[in-house]
Amino acid sequence: MSGQWVVVVPVKDAREGKTRLGAALDARERVALVRAMALDTVAAAAACTLVARVVVVTADEVVAAEAATLPGVVVVGEPPHAGQRSGLDAAALAGASAARASGPAPVAVLLGDVPALQPADLAAALAAAGAHERAVVTDAVGSGTTLLAVGPTTPLDPRFGLGSAHAHQHLGHVALDLPASSTLRQDVDVPDDLVTIARMPLGPRTAALVGDLADERGWPGGGDRRAS
């Protein structure tokens with residue numbers, strides 16, 4: 001694979017997303033955090049030197065409105081997912097279709113829950129993915145997927161959900177050998193992940209929220225409240 005990448009970021013309506021964080025956050029905090037993480041992820045992807053543009057697929061009106069103001073970002077409405085394996089898979093496919101509307105392009109689906117993402121780490125992953133027609137980046141625990149990449153004409157066939165890392169590798173996606181410290185691998189699914197990211201430099205929206213939460217709850221670190 002070669003050339004400039006189109007990164008697709010599917011974002012579930014924040015009011016329905018990350019329900020497992022409900023054990024640590026109230027509904028208002030959870031919704032705010034989901035939106036902040038998604039927007040910080042999108043901004044980091046848009047700042048990556050190997051990314052030509054970012055396609056955000058969402059039904060969340062707040063995420064859609066703010067994402068549309070970011071340079072290099074276009075927003076696509078979330079499609080119906082009747083007959084699809086999941087809403088996330090349907091959104092990824094809709095984004096890939098939009099990415100290739102004007103012709104072949106290498107496409108990477110990036111999940112919107114990696115709020116510590118550094119553009120250089122994404123660039124390293126995309127550069128590595130360029131050697132393969134299909135590639136995958138697993139999360140820190142190795143069972144989930146944070147990035148799914150395909151070559152310019154390779155069909156996207158996502159299997160997001162429980163055990164997605166194994167499912168994608170079974171379909172021929174090469175697991176990229178990224179260091180454990182790569183910010184692309186640190187997603188946020190469960191309360192323990194909040195404590196982990198509180199120790200990390202974060203995108204500005206997430207840093208403000210997590211810093212306040214860490215102070216309130218006594219988490220170590222408290223986050224680095226800097227703009228990425």
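Which residue in strand 4 does V6 stand opposite? Select V6 and look across: V107 is the residue facing V6 in strand 4. Strands here, like helices, are DSSP runs numbered from the N terminus, a strand (E) having at least two residues and a helix (H or I) at least four.

**Before you go on**

This is a predicted model, so residues are numbered from 1 along each chain as its sequence is written, local features need pLDDT of at least 70, side-chain atom pairs count only at pLDDT 80 or more, and totals for chains, interfaces and linings use all residues. Side-chain values use heavy atoms, with hydrogens and water left out.

Colour by pLDDT, the predictor's confidence in each residue, from 0 to 100. The protein's mean pLDDT is 92. A value of 70 or more is reached by 94% of its residues. Now select residues 223–228, where pLDDT stays under 50. For this stretch the model has 19 contacts beyond four places in sequence; a contact means heavy atoms within 4.5 Å.

Seven of them form an open sheet, with mixed pairing, in the order 3-2-1-4-6-5-7. Two strands count as paired if DSSP finds at least two bridges between them. Go to the edges: strand 3 (73–77) and strand 7 (174–175) each have a single partner strand, so one side of each lacks a neighbour in the sheet.

Return to strand 4 (residues 107–110). Both of its faces are covered. V107 and V109 are buried on one side, A108 and L110 on the other. Buried means under 20% relative accessible area, exposed means over 50%, and partly exposed lies in between (1.4 Å probe, protein chains only).

Select strand 1 (residues 5–11) as well. Strands 1 and 4 run parallel and are joined by three bridges. V7 has A108 as its bridge partner in strand 4. V107 stands opposite V150 of strand 6.

**The annotated site**

Centre on T145, in strand 6 (residues 145–150). T145 is buried, with a relative accessible area of 4%. Beyond four places in sequence, its contacts include L111, F160, S164 and H168. A polar atom of the T145 side chain lies 3.5 Å from the backbone nitrogen of A165.

Move to G161, in the loop between strand 6 and helix 5 (164–170). G161 is partly exposed, at 45% relative accessibility.

**T58 in strand 2**

Next, select T58 in strand 2 (residues 51–58). T58 is buried at 5% relative accessible area. Show its side-chain polar contacts (N or O pairs within 3.5 Å, one able to donate a hydrogen and the other to accept it; residues adjacent in sequence count only if both atoms are side-chain atoms). The T58 side chain reaches the backbone oxygen of V11 at 2.8 Å. The T58 side chain also reaches the backbone nitrogen of D60, at 3.0 Å. Contacts of T58 beyond four places in sequence include V63, V75 and E78.

Go to helix 1 (residues 27–46) and pick R35. R35 is buried, with a relative accessible area of 16%. Draw a C-alpha line from R35 to E66: the two are 31 residues apart in sequence and 9.8 Å apart in space.

Finish at K18, in the loop between strand 1 and helix 1. K18 has a positive phi of about 50° although it is not a glycine. K18 is partly exposed, with a relative accessible area of 22%.
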